[in-house]
Amino acid sequence: MNESPKAIELYDTTLRDGTQGEHINLSVQDKLLITEKLDEFGMDFIEGGWPSSNPKDEEYFLKARTLNLAHSKLCAFGSTARSLQNIDNDPNLLGLLQSETPVITIFGKTWQAHTLKGLGISEDENAELIYRSVSLLHSRGREVFFDAEHFFDGYKDNPEFALRMLRSAAEGGASRLVLCDTNGGSLPDEIALIVRHVHSHISLPVGIHSHNDGDLAVANSLAAVIAGATHIHGTINGIGERCGNANLISIIPNIMLKLQRNFTFLEHLSQLTALSKFVYEILNLPADGKAPFVGKSAFAHKGGIHVSAVMKESSLYEHIDPKLVGNRQRVLVSELAGQSNIRYKARELGIELPEKGDLLKNIVHHVKELEHKGYQFDGAEASFELILQRELGSFMPFFDVLETKISIESHKDAKNVDQAVLKVAVGDKTELVAADGDGPVNALDKALRKALSRFFPQIKTIKLIDYKVRVLEEKRGTSAKVRVLIETSDGHNTWGTVGVSTNIIEASLHALCDSMNYHLFSVSAAVHDRDEFLQKQL
């Protein structure tokens, strides 16, 4: 009778190995927040840092003692002792013990070249250094994991040496032997072959710690699991030194959904996307829209044929149900769109388009013409909805900008002055306003708000939260078109609008006007009558 496969343990090193990545920086409070989120998600082990390496990690471990973790065990990370002559008083080992974590992870050399050239000691001395370092920590009542640094390179160079170092850690009392692809250059077939060999010679649970220098860290981690590894290291979103670490956000659903393996605590993946976004937010980094499973584009469909098929059966173009990982299906509107895209997107916006007639064909044609001119509606769904509503006869602009004048004065020894002057018509009334700003677009935004606030006080609650400019037809130089994407929020909802022109001011004004009109259209929808709403404002 075959035994069921052992549950897979998840070991997160976002707070330690992840922070070694370029542009990655976490405060103590940041690390505590991520720790709680990882525990809530169901992580088995959380590596908090290297306590004897810097004051920040020492403070983290001190404050982490007050956390009420439901599942996760905290781990302190460090190296073996520096010298055989001072094991009992080694500052690194003492710092690990002082962290008071239930688990301690230490790394040691398992590549002969590093031992001889890096440490300058013999094979016997390195084996004893590993044994005695692990033994000291184990004798103080700590569970010890051994990170076999450079194991795969070391094994390929001298398998007997590499295996001997693992046995030394096991004899010292280590409970997990983690095989590290430290340089990140191994291939999945190499990983699988070596893990199988180690698994057949070592009785302890075997782990995998992969780096992504060959863009194979996730594949290598999965290959290790298939070969018998039951303990997986990685970081959230794959952050880490050089090209990063194995990405747990991709590893976890692949193990659960594709390999049909279970984890110790984690049972549901519905919080996976939220976890990914949370860590990006704490890191103050933009989320990767193309990230597998959790990215905004992971289940986005653009081609008309694809959309037509997805509307009938989503599995025809989606490898999993996006809801399983807390994501959602999206249909994009572009020059590749067909009628299926438009109808799907309209339904998503709560708009039912007629089944018969030329309306749908006209919308498709109009959208493709706009895309050809440089418009993009992937991030400007509010502009797209206004197009639909206009074609349906449900929307007319609430105002018209009749005149625009931008003044930019540059002074060598004084602050530059940017001013926008607008003449805006609302119904049969006009408003002439001027506003200064930090740059011409900011001045334009202020002037438009100033003109409209007399008629529509509702716009005081909204603010511009993102502004992007993309130069189109770059070879045309300064005469090229630009596309402006604007994101606006009222504190509860956000919406995106777009404008295109060879004049960046004009493109910005188009996007701003769409943003204001969309908000006013949404507000007026509450009274179900645009004219009645407009009459009240006037």
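User: Which residues of α8 meet α9?
Analyst: Pro188, Ile191, Ala192, Val195, Arg196 and His199 in α8 meet Ala219, Asn220, Ala223, Ala224, Ile226 and Ala227 in α9, where contact means heavy atoms within 4.5 Å and helices are DSSP runs (H or I, at least four residues) numbered from the N terminus. This is a predicted model, in which local features need pLDDT of at least 70, side-chain atom pairs count only at pLDDT 80 or more, and totals for chains, interfaces and linings use all residues. Residues are numbered from 1 along each chain as its sequence is written, and side-chain values use heavy atoms, with hydrogens and water left out.

User: At what angle do α8 and α9 pack?
Analyst: Helix α8 (residues 188–201) and helix α9 (residues 217–227) pack at about 35°, their axes being 8 Å apart; the axes are lines fitted to C-alpha atoms over the stretch in contact, and angles run from 0 to 180 degrees between N-to-C directions.

User: And what does α9 do with α10?
Analyst: The axes of α9 and helix α10 (residues 248–258) come within 10 Å and cross at roughly 35°, with Val218, Ser221, Leu222 and Val225 of α9 touching Ser250, Ile251, Asn254 and Ile255 of α10.

User: Switching topic, how many disulfides are there?
Analyst: The structure holds zero disulfides, a disulfide being a pair of cysteine sulfur atoms within 2.5 Å. For Cys180, the nearest cysteine sulfur is that of Cys75, 14 Å away.

User: Is Cys180 buried or exposed?
Analyst: Cys180 counts as buried because its relative accessibility is 5%, where buried means under 20% relative accessible area (1.4 Å probe, protein chains only), exposed over 50%, and partly exposed in between.

How values were computed: Helix = DSSP H or I, 4+ residues; strand = E, 2+ residues; numbered from the N terminus.
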